[in-house]
Amino acid sequence: MKFGHVRGFDHRTTCNYFKIKPTKNPGYIPWSLLRGQPTFEDQAKWDGLQAADQYAGMLSAAIRPDRYGGYEPAHLLSVRHQIRRSGGGVSRNYGFKILGNEATLTSLPWWPAEGL
């Protein structure tokens, strides 16, 4: 498994996470498929390593107002179907983690009534 290198981040934290998680997580995640040690590479070296940055950029544009007070949720909403969901179809705290005050996001003028 390859991850993009993040300057200044201690990647041992990620490696430790993958050691701890299989012992703490529900059985529906196939942790046995994770083999070997993750590696951390220059993002330009491998296709796909930039995906997290692209999704983060879409989220940032959607939740941070521009200098005129406007939001750009169109890109985030266009990939909404790709967000992991619970069996009941809820994305919150499954594929879309909200840390902090949930109302900060749900009160955005474009936020869908049914959530992401």
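Contact here means heavy atoms within 4.5 Å.

A quick word on the ground rules. This is a predicted model, where local features need pLDDT of at least 70, side-chain atom pairs count only at pLDDT 80 or more, and totals for chains, interfaces and linings use all residues. Residues are numbered from 1 along each chain as its sequence is written, and side-chain values use heavy atoms, with hydrogens and water left out.

Back to S91. You can find S91 in the loop between α3 and α4 (103-106). Helices here are DSSP runs of H or I with at least four residues, strands are runs of E with at least two, and both are numbered from the N terminus. Is S91 buried or exposed? S91 has a relative accessible area of 5%, so it is buried. The cut-offs are these: buried is under 20% relative accessible area, exposed is over 50%, and partly exposed is in between, using a 1.4 Å probe and protein chains only.

Not counting residues up to four places away in sequence, F96 touches L59, I83, S91, L105, W111 and L116. F96 also belongs to the largest nonpolar core, which has 12 residues: M58, A62, L76, V79, I83, F96, I98, L105, L108, W110, W111 and L116. A nonpolar core is a set of buried Ala, Val, Leu, Ile, Met, Phe, Trp, Tyr and Cys residues joined through side-chain atoms within 4.5 Å. As background, nonpolar side chains tend to be buried together in soluble globular proteins.

W110 sits in the segment after α4, and its relative accessibility of 13% is why it counts as buried. What does W110 touch, if we skip residues up to four places away in sequence? The partners of W110 are A62, I63, Y71, P73, L76, L77 and L116. For a sense of distance, W110 and H81 are 29 residues apart in sequence and 17 Å apart in space, C-alpha to C-alpha.

Rings of Phe, Tyr and Trp (its six-membered ring) pair if their centres lie within 6.5 Å; planes under 30 degrees apart are stacked, over 60 edge-to-face, and the rest tilted. How many aromatic pairs are there by this rule? The count comes to 2. In one of them, the ring centres of Y17 and F18 are 5.5 Å apart and the planes are at 75 degrees, so that pair is edge-to-face. W110 and W111 form a tilted pair, with 5.4 Å centre to centre and 50 degrees between the planes. Both W110 and W111 are buried. As for Y17, its relative accessibility is 44%, so Y17 counts as partly exposed, while F18, at 16%, counts as buried.

Next, the largest pocket. It holds about 320 Å³ of space. Of its 12 lining residues, the closest to its centre are F3, G4, T14, F40 and A52. A pocket, on a 1 Å grid over the protein atoms alone, is an open set of points where a 1.4 Å probe fits, with protein on both sides within 12 Å along at least five of seven lines; lining residues have an atom within 4 Å of a point. The volume is the space filled by probe spheres set on the points, which are joined across faces, edges and corners. β1 gives the most to this lining, with 3 residues. T14, in helix α1, touches F3, F9 and F40, again leaving out residues up to four places away in sequence. With 18% relative accessibility, T14 counts as buried.

K24 is in helix α1 (residues 12-24), and its relative accessible area of 65% is why it is exposed. K24 and S91 are 67 residues apart in sequence and 21 Å apart in space, C-alpha to C-alpha. R64, in the loop between α2 and α3 (74-78), is exposed too, with a relative accessible area of 60%.
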